Amino acid sequence: MRFRACVANVPTFFRIIQAIEKLQKKCIIKFTETNMHIICNSEANEGGIQVWSQIKVDSLFNDYRIQSNANNEISMALASEALLGALKSASSSSSSSFDPEEVVMKLAKKNDQAMLSFEIGGVTRTGHRLRVAHDVKIEVLKATDVAKLTEPLCPEPDLHILLPPLQKLRTIVERLRPMSDVLALQANNNKRLVVAIRTEGVHVETEWRDCQNPKTQDEDQDTESPDPNAMFTVLISTRSFLKFLNSHVVSTTTIACICQHHCVILYVYIGDVADAGGVLTFYIPAIIDDEGR
């Protein structure tokens, strides 16, 4: 089993793991010949939120080499905070006295402990060359265990809608959180999106009327369209939605798919949708209300 790659796009890799670290202390990363998959599927997650992401290798790495008996795939479980720390060491910043020029990530073993090892080479402010090593403990997963991991089964979405900038949405939801643990996400096929909380003492909603409804490849142009003004609703954990909104650090475009009374699926694109370097897919299950919905 061999794995080695140069991290060519440290800032994007850092922002992806930054979003993941806010969600789950441990994550699973699967490297294949063409993609890096990041999976968060712990039942302990707030509100049952899961992440299944797929990022193109060439959007983050170069000089990428992988070899294994499992169809040239290597999967590992690791602490997301530890990986974030390694990537922070590899990041350039105005306050740092060290400017990284090359970041090599490779599979290693030290004292019988598997590691994802980062070798960072660069130059100090005084012009001296320096190499820094940063090891992240990992657990290499068996191919049979990885094969058991499956994405949540969801019904066909009732609609797709482009969300407003996640940073702005996050500001609004942070103000709503002290008022209710449950948040209603509502939308229609006529560009309307509503984020609302409703309790016995308060009813607050924020509305957008110009969110695009992207067409999907599965939509048949000849099929009669349902009422575009019909609203579809899903009740979700406010805390879960806020955790998802931490992905604003990597988001350019985000599409929400509402499966009424079942779940919301959120696609966070890395780069432009037409030529995205990857997508982070978040699943947030619905909260069943008192009426059984």
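The legends below describe an overall view and several close-up views of a predicted model. In this predicted model, local features require pLDDT of at least 70 and side-chain atom pairs count only at pLDDT 80 or more, while totals for chains, interfaces and linings use all residues. Residues are numbered from 1 along each chain as its sequence is written, and side-chain values use heavy atoms, with hydrogens and water left out.

**Figure 1. Overall view of the protein.** The protein contains 5 helices and 17 strands; helices (H or I, at least four residues) and strands (E, at least two) are DSSP runs, numbered from the N terminus. Taken along the principal axes, the C-alpha atoms fill a box of roughly 65 × 45 × 35 Å. Of the 293 residues, 46% count as buried, where buried means under 20% relative accessible area, exposed over 50%, and partly exposed in between (1.4 Å probe, protein chains only). Among contacts (heavy atoms within 4.5 Å) between residues at least 6 apart in sequence, 63% join residues at least 24 apart.

**Figure 2. Helix α1.** Helix α1 (residues 10–21) has 12 residues and reaches 16 Å from its first C-alpha to its last, close to the expected 16 Å. The expected span is 1.5 Å times one less than the number of residues. Buried residues of α1 include Val10, Phe13, Phe14, Ile17 and Ile20.

Figure 3. Strand β1 (residues 2–7) pairs with strand β7 (residues 98–110) in the antiparallel sense over 3 bridges; two strands pair if DSSP finds at least two bridges between them. The bridge partner of Arg4 is Lys106 in β7. Strand β7 is also joined by 12 bridges to strand β8 (residues 113–124), and these two run antiparallel. Asp99 stands opposite Val123 in β8. The hairpin formed by β7 and β8 has 2 residues between the strands, and Asn111 in the turn has a positive phi of about 55 degrees.

Figure 4. Four strands form an open sheet in the order β13-β12-β11-β14, with antiparallel pairing. Its edge strands, β13 (203–208) and β14 (232–237), each pair on one side only. On average, neighbouring strands of this sheet are turned by 20 degrees against each other, direction ignored. Strand β11 (residues 182–187) is joined to β14 by 6 bridges, and Gln186 stands opposite Thr233 in β14. Helix α5 (residues 238–245) lies across β11 and β14, running at about 90 degrees to β14. Axes are lines fitted to C-alpha atoms, for helices over the stretch in contact, and angles run from 0 to 180 degrees between N-to-C directions.

**Figure 5. Surroundings of Ile28.** Ile28 lies in strand β2 (residues 26–31) and counts as buried because its relative accessibility is 14%. Leaving aside neighbours within four places in sequence, its contacts include His37, Ile39, Met76, Leu141 and Leu149.

**Figure 6. Surroundings of Thr281.** Thr281 lies in strand β17 (residues 278–285) and counts as buried because its relative accessibility is 7%. Beyond neighbours within four places in sequence, Thr281 is in contact with Gln50, Val51, Trp52, Ser53, Ile265, Leu266 and Tyr267.
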